[in-house]
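The sequence and coordinates come first, and the notes follow by topic.

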Amino acid sequence: MSKTYERREFLADLVKFPCATLLLGVSGPIKALASAGNEYQASEHNYAMGVQIEKCIGCGKCVEACKIENDVPMEPYYFRTWVERYIIYTDGEVSVDSPNGGINGFPPVESDKDILRTFFVPKLCNHCENPPCVQVCPVGATFKSQDGVVLVDDDYCIGCRYCIQACPYGARFLDPRTHTAGKCTFCYHRITEGLLPACVEICPTQARIFGELDKLSTPLNRMMRQSNIQVLKAHMNTEPKVFYSDLDGEVR
Amino acid sequence: MNPAHQAQLEAALQQVTGFIYPNEAELHWSILVVIYPYITGLVAGAFILASLEKVFKVKDLQPTYRLALLTALAFVFVAPIPLQAHLGHPERAFEIFLTPNPSSAMAMFGFVYAWYLMVVLLLEIWFEFREDMVRWRQQSRGLKKLFYWLISLGSRDVSPGAVAFDHKAVYAITILGIPSAFLLHGYVGFIFGSVKANPFWSSVLMPIVFLFSAIVSGISLVLILYYITTLLRRKTLDQKCLNALAAFLFYALIIDLSLESLDFIHRLYESEESIEILAELIFSKLFISLAIVQILLGTIGPLLLLAFALFTGLPNELKRLAFFIAAIFVQVGIFSTRWNVVIGGQLFSKSFRGLTAYKLELGGQEGLLTALGLLILPFIILYVLLKLFPPWDDARTDTKPTEG
Ligand code: SF4
Ligand code: SF4
């Protein structure tokens with residue numbers, strides 16, 4: 001929306017200052033300039049994601065959508081996003097699984113023990129405000145974009161894998177085809193066009209909410225105002241920008 | 001996609017116990033990254049041993065001074081190869097020099113390495129051998145003459161004044177070299193110790209533990225090399241020198257063991273979130289390589305053997321043998337130390353809920369054969385260096401008295 005606003009403002013300025021319009025002369029350059037104002041401005045955004053644990057049903061559609069949208073290798077060792085299932089028994093035992101990243105959903109629970117509670121936790125790169133992966137990359141191939149998205153430059157990555165070691169969340173892998181680091185980009189090619197990340201778009205229960213962190217009247221901010229918000233491994237001081245509502249203390 | 005690699009990942013996934021993050025099936029730093037700190041440790045250790053003789057005037061060590069320098073040089077040439085070989089894009093490695101990320105510990109490798117190799121080792125060796133190179137040139141002919149002429153950069157002056165200057169230069173470079181050697185290996189420890197995501201690595205003690213294990217490994221390697229080369233040359237071993245080497249090895253081992261114990265007790269006492277999974281790791285996957293090989297065979301065993309040989313009235317011949325055997329065990333122990341840090345540190349999930357597995361392949365770029373090749377290569381280089389620059393006193397020119 002901000003883009004149309006800019007454009008309108010620009011055109012209004014042209015009306016307000018007719019001399020400038022005259023100076024510009026023919027309409028060609030005006031068109032060019034008007035559409036230049038339409039370009040994506042990274043510095044005007046600060047993206048984040050909200051995940052509502054209580055809404056996730058563990059269907060794994062987001063995992064599948066992500067793999068297809070982003071051409072992630074289908075083998076079960078490479079994930080930009082995945083879903084974990086937590087089963088907490090009455091005796092205190094915790095069991096966690098994520099078969100093939102949860103891409104096909106989850107099998108029934110086998111145990112006869114009494115269950116206290118179960119829930120699903122979708123995970124992805126947290127696009128940390130203070131990202132250790134960016135800190136350690138020797139060549140700066142991993143970087144934080146102005147809109148808060150942590151990205152990898154494939155043409156620059158030397159494949160040293162230091163970033164994979166440094167990420168506390170297991171969010172990265174080495175792409176076996178390019179031999180460079182791979183991870184979630186918040187579907188950068190989509191969000192810069194004003195679309196939603198594939199996982200957000202496909203989620204049947206709207207467990208995932210994507211949006212601007214710094215703008216007040218967004219669904220993301222509404223969720224953050226109305227729920228009890230946690231982030232993963234807060235003690236790492238990575239300042240994650242994937243916010244979970246009602247996250248259980250067992251989740252790591 | 002490489003099918004063998006995929007099969008390996010599948011096999012690894014079968015061996016997982018508990019829960020790991022789905023992306024953690026692949027172990028990212030393989031045996032090549034084990035070899036890297038092993039080799040740089042030997043470089044730093046050998047150099048520090050050489051410095052003992054120069055700066056702290058430990059005269060007993062004089063027979064090993066030049067040998068230690070050439071050993072450090074032979075190994076430092078090989079040090080970057082495993083790093084380069086394990087990259088996904090080795091051809092882009094130079095980017096580390098062109099556009100280093102100043103906040104990255106790894107980016108500094110190139111600079112630390114270049115500094116150490118160019119400024120410290122090569123310069124010190126050049127000044128140390130300059131006078132001999134001039135004389136070797138005079139005594140040889142043909143290609144060899146040309147070689148010595150090139151390598152001595154055409155210098156001819158062997159007047160007492162020039163030689164005295166050489167000695168001063170060597171002394172000054174050694175003084176610069178000690179902190180540099182500390183930097184070289186302490187820095188390698190920092191690469192691991194600064195990874196806060198990994199509780200097995202993350203420790204301020206890591207660079208210091210690395211450093212002392214480096215000193216231990218360097219001394220033991222030079223002891224082994226001195227022993228073997230002297231026997232091969234059918235010369236007599238200098239007992240005083242061996243005693244000094246063994247004594248330094250003994251004390252360095254004690255410091256090393258104390259530091260490792262401190263680290264262990266500290267972790268146990270703090271008992272952080274990760275303690276359970278680390279305990280499980282140590283008592284299952286790492287039990288043999290850590291408890292048995294690293295601690296029992298690689299540290300306690302050699303300590304007892306050295307103490308016995310040093311402080312009892314053992315006949316010299318047995319003493320020497322005991323030193324030699326202890327040094328061999330120390331090498332095995334240090335290699336498993338590196339293994340336990342690098343591989344061990346990747347065998348548990350960062351969810352702290354499960355363990356993964358590492359299966360060493362035989363062939364391939366990151367296989368056992370490549371690793372063995374990289375471990376043998378420095379000895380081949382050393383052989384050539386010893387031929388070109390014989391470090392023995394008897395190879396030095398007889399026109400001057402031999403002294404360090
Ligand atoms: S979650 Fe991991 S990969 Fe993503 S920004 Fe944080 S440290 Fe980097
Ligand atoms: S693998 Fe690539 S992105 Fe990751 S630290 Fe190394 S060079 Fe940077």
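## Two loop residues with positive phi

A:Q206 is found in the loop between α8 (198-202) and β9 of chain A. This is a predicted model. Phi of A:Q206 is near 55°, a positive value in a residue other than glycine. A:Q206 counts as exposed, because its relative accessibility is 55% and exposed means over 50%.

A second case is A:N237, which sits in the loop between β10 and β11 (242-245) of chain A. A:N237 is not a glycine either, yet has a positive phi of about 60°. Is A:N237 exposed or partly exposed? At 44% relative accessibility, A:N237 counts as partly exposed.

Strand β1 (residues 47-52) of chain A is joined to β9(A) by 5 bridges. The two strands run antiparallel. Across this pair, A:M49 stands opposite A:F210 in β9(A).

Why does strand β9 of chain A count as largely enclosed by the rest of the structure? In strand β9 (residues 208-212) of chain A, 5 of the 5 residues are buried, so the strand is largely enclosed. Buried here means under 20% relative accessible area.

## The three-stranded sheet of chain A

Another open sheet in chain A has 3 strands, in the order β3-β2-β4. Its pairing is antiparallel. The edge strands are β3 (94-97) and β4 (115-124) of chain A, and each pairs on one side only. From one strand to the next, the twist averages 20°.

Strand β2 (residues 81-89) of chain A pairs with β3(A) in the antiparallel sense, over 4 bridges. A:I88 has A:V94 in β3(A) as its bridge partner.

In a regular strand, side chains alternate between the two faces of the sheet.

## Ligand surroundings

Which residues come nearest to ligand 1? There are 13 residues around ligand 1, and A:C125, A:N126, A:C128, A:C133 and A:C167 come nearest. By class, the shell around ligand 1 has 9 nonpolar, 2 polar and 2 charged residues.

The residues around ligand 2 include the cysteines A:C137, A:C157, A:C160 and A:C163. Also around ligand 2 are A:P138, A:V139, A:T142, A:I158, A:G159, A:R161 and A:A181. The shell around ligand 2 divides into 8 nonpolar, 2 polar and 1 charged.

The volume of the largest pocket is about 1,300 Å³. Its lining has 49 residues, of which B:P199, B:F200, B:D263, B:F264 and B:R267 lie nearest the centre. The elements of chain B that give two or more residues to this lining are α9 (206-232), α10 (239-270), α11 (275-283), α12 (287-311) and α13 (316-342). Which element gives the largest share? The largest share, 12 residues, comes from α10(B). By class, the lining of the largest pocket divides into 26 nonpolar, 14 polar and 9 charged residues.

The second largest pocket holds about 620 Å³ of space. It is lined by 28 residues, and the closest to its centre are A:R161, B:H5, B:Q8, B:E26 and B:E366. A:R161 is also one of the residues around ligand 2. Both α1 (3-14) and α4 (80-86) of chain B supply at least two residues of the lining of the second largest pocket. With 5 residues, α1(B) gives the most to that lining. The classes there are 13 nonpolar, 10 polar and 5 charged.

How many cavities of 30 Å³ or more does the structure hold? It holds 8. About 210 Å³ of space lies in the largest cavity.

The largest cavity is lined by 17 residues. Nearest its centre lie A:Q165, B:E24, B:E26, B:H28 and B:K350. B:E26 is also among the residues closest to the centre of the second largest pocket. The lining of the largest cavity divides into 5 nonpolar, 8 polar and 4 charged residues.

Conventions:
Residues are numbered from 1 along each chain as its sequence is written. Chains are lettered from A and ligands numbered from 1 in the order in which they are written. This is a predicted model: local features need pLDDT of at least 70, side-chain atom pairs count only at pLDDT 80 or more; totals for chains, interfaces and linings use all residues. Side-chain values use heavy atoms; hydrogens and water are left out. A residue is near a molecule or strand if one of its heavy atoms lies within 4 Å of it. Ala, Val, Leu, Ile, Met, Phe, Trp, Tyr, Cys and Pro count as nonpolar, Asp, Glu, Lys and Arg as charged, and the others, Gly among them, as polar. Buried means under 20% relative accessible area, exposed over 50%, partly exposed in between (1.4 Å probe, protein chains only). Two strands pair if DSSP finds at least two bridges between them. On a 1 Å grid over the protein atoms alone, a cavity is a set of points where a 1.4 Å probe fits but cannot get out, and a pocket is an open set with protein on both sides within 12 Å along at least five of seven lines; lining residues have an atom within 4 Å of a point. Grid points are joined across faces, edges and corners, and a volume is the space filled by probe spheres set on the points. Axes are lines fitted to C-alpha atoms, for helices over the stretch in contact, and angles run from 0 to 180 degrees between N-to-C directions.
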